Amino acid sequence: RQGPFNRWKYGLPDMFVAVSACIAGVMRAYGIEPERLAVVHSGTDASRFDVAPASRAELGVPEGVPLLCSVGALVGHKDRATLVTAMPAIRRALPNLCLLIVGEGELRPRLEAQIAELGLSDAVTLLGHRNDVPAILKDADVLVLASIHEGMPLVLFEAMAASTPIVATDVGGVAECCDNGLSGVLVPPGDAAALAEALHSVLSDPCLREQLAVGARTQLCEQAGHRWLDTYLQMIERLKV
């Protein structure tokens, strides 16, 4: 990690910006001095989410049923397998529950086989790539992130902008942007039982969903913008030396 190429590459910039504290820790391990490193969380244009909810008929979801949404590539670290494993337990309490998984990737055949094996073909739909994620998030009752590792997943900020309650695994920078119990509910990664319990508690409690939605939108409005300005000002001061 301290070879000639890395010393050259990481020696060039005057300032690095990490999207989370955990990523900043990785960068420090590469030898980047703390004074050249700022942490600025990802952000999103909240106005993109001022849209009408997607049509449930078009999505193949009956009106009035609880709806989960998961957004992201179908790759290993997103751990959709644990999410699908959690579905039967949740459906015992909420038999009409539906899950939409938005995204494409190499693990699609494996997920399709798992969904069929668990008898969930009527409950879990792989939507593939979509260009209407804001509308889908507006329609969902909960955005679920089941990843086993992350830096700072942009979809959390998108859910906040859509005022969609969040249930997510406590990995990487997730806890930095999602305050457990206030703007989301966090669970351990790889734990299907804990994920099922958290999803059931949020889906079955309209007051909790409203609380999480308001908290998420409020937290989003307090993120990012001023930190970029502070970073630019800090870099200007460094260049004056």
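Helices here are DSSP runs of H or I with at least four residues, strands are runs of E with at least two, and both are numbered from the N terminus. This is a predicted model, where local features need pLDDT of at least 70, side-chain atom pairs count only at pLDDT 80 or more, and totals for chains, interfaces and linings use all residues. Residues are numbered from 1 along each chain as its sequence is written, and side-chain values use heavy atoms, leaving out hydrogens and water.

**View 1. Asp-139 in helix H6.** Asp-139 belongs to H6, which covers residues 133-139. Skip the neighbours within four places in sequence, and Asp-139 is in contact (heavy atoms within 4.5 Å) with Pro-53, Ala-54, Arg-56, Leu-59 and Leu-67.

**View 2. Helix H4 against helix H5.** H4 (residues 80-93) packs on H5 (residues 108-117) at an angle of about 10°, and their axes are 10 Å apart. Those axes are lines fitted to C-alpha atoms over the stretch in contact, with angles running from 0 to 180 degrees between N-to-C directions. The pair is therefore roughly parallel (angles under 35 degrees). From H4 come Arg-80, Ala-81, Val-84 and Thr-85, which meet Leu-111, Gln-114 and Ile-115 of H5.

**View 3. Stepping back to the chain.** There are 11 helices and eight strands in the chain. Its C-alpha trace spans about 65 × 35 × 30 Å along the principal axes. Of the 241 residues, 49% are buried.

Note on methods: Parallel < 35°, antiparallel > 145°, perpendicular 65-115°, else oblique. Buried < 20%, exposed > 50% of the residue type's maximum accessible area, 1.4 Å probe, protein only.
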